[in-house]
Amino acid sequence: METKTARLTVLVDPEKKKAFENLCASQDLTTSQVVRQLIRDYLARHGVDYPTRATVSGEEK
């Protein structure tokens with residue numbers, strides 16, 4: 001698990017932002033949780049490794 005955080009500022013269309021926030025809320029997730037998962041998935045899909053990546057028995061968590 002990450003111990004330090006860094007801010008990422010993203011500009012999006014206000015309507016997409018609202019739709020994203022509503023979808024996240026309907027799934028009982030914060031927008032930050034979803035964005036962090038999207039980033040992890042994107043890195044994994046492209047085979048990018050990073051120091052805080054959690055593994056269980058040699059497989060991605």
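This note goes through the predicted model point by point, from its overall make-up to individual side chains.

1. Basis of the values. The model is predicted, so local features need pLDDT of at least 70 and side-chain atom pairs count only at pLDDT 80 or more, while totals for chains, interfaces and linings use all residues. Residues are numbered from 1 along each chain as its sequence is written, and side-chain values use heavy atoms, with hydrogens and water left out.

2. Overall make-up. The protein chain holds 2 helices and 2 strands, where helices (H or I, at least four residues) and strands (E, at least two) are DSSP runs numbered from the N terminus. Read from the N terminus, the elements follow the order α-α-β-β.

3. Burial and surface. Of the 61 residues in the protein chain, 3% count as buried, a class that means under 20% relative accessible area, with exposed set at over 50% and partly exposed in between (1.4 Å probe, protein chains only). The chain exposes about 5800 Å², of which carbon and sulfur atoms supply 55%; accessible areas come from the Shrake-Rupley method with a 1.4 Å probe, and for residues only the protein chains shown count as cover.

4. Helix α1 and its ends. Helix α1 covers residues 14-26, and its 13 residues reach 18 Å from the first C-alpha to the last, close to the 18 Å expected at 1.5 Å a residue; the expected span is 1.5 Å times one less than the number of residues. At the start of α1, a side-chain oxygen of Asp13 comes to within 2.8 Å of the backbone nitrogen of Glu15. Just after the helix, Asp28 adopts a positive phi of about 55 degrees.

5. Why are Glu21 and Lys17 separated by about one helical turn? The reason is that they are 4 residues apart in helix α1. An α-helix has 3.6 residues a turn, so residues three or four places apart point the same way.

6. Helix α2. With 15 residues, α2 reaches 21 Å from its first C-alpha to its last, close to the 21 Å expected at 1.5 Å a residue. Gln37 lies in this helix, which spans residues 31-45, and is partly exposed with a relative accessible area of 34%. The side chain of Gln37 makes a polar contact with the side chain of Arg40 at 2.7 Å; such a contact is a pair of N or O atoms within 3.5 Å, and within protein one must be able to donate a hydrogen and the other to accept it, while residues adjacent in sequence count only if both atoms are side-chain atoms. After α2 comes Gly47, whose phi is positive, near 70 degrees.

7. The nonpolar patch. Leu8, Val10, Val12, Val35, Leu38 and Ile39 make a nonpolar surface patch of about 520 Å². Patches are made of residues with over 30% relative accessible area and no salt bridge, with like charges joined within 9 Å and nonpolar side chains (Val, Leu, Ile, Met, Phe, Trp, Tyr) within 5 Å. Leu8 sits in the segment before α1 and counts as exposed at 58% relative accessibility.

Terms used
Salt bridge = Lys/Arg side-chain N within 4 Å of Asp/Glu carboxyl O.
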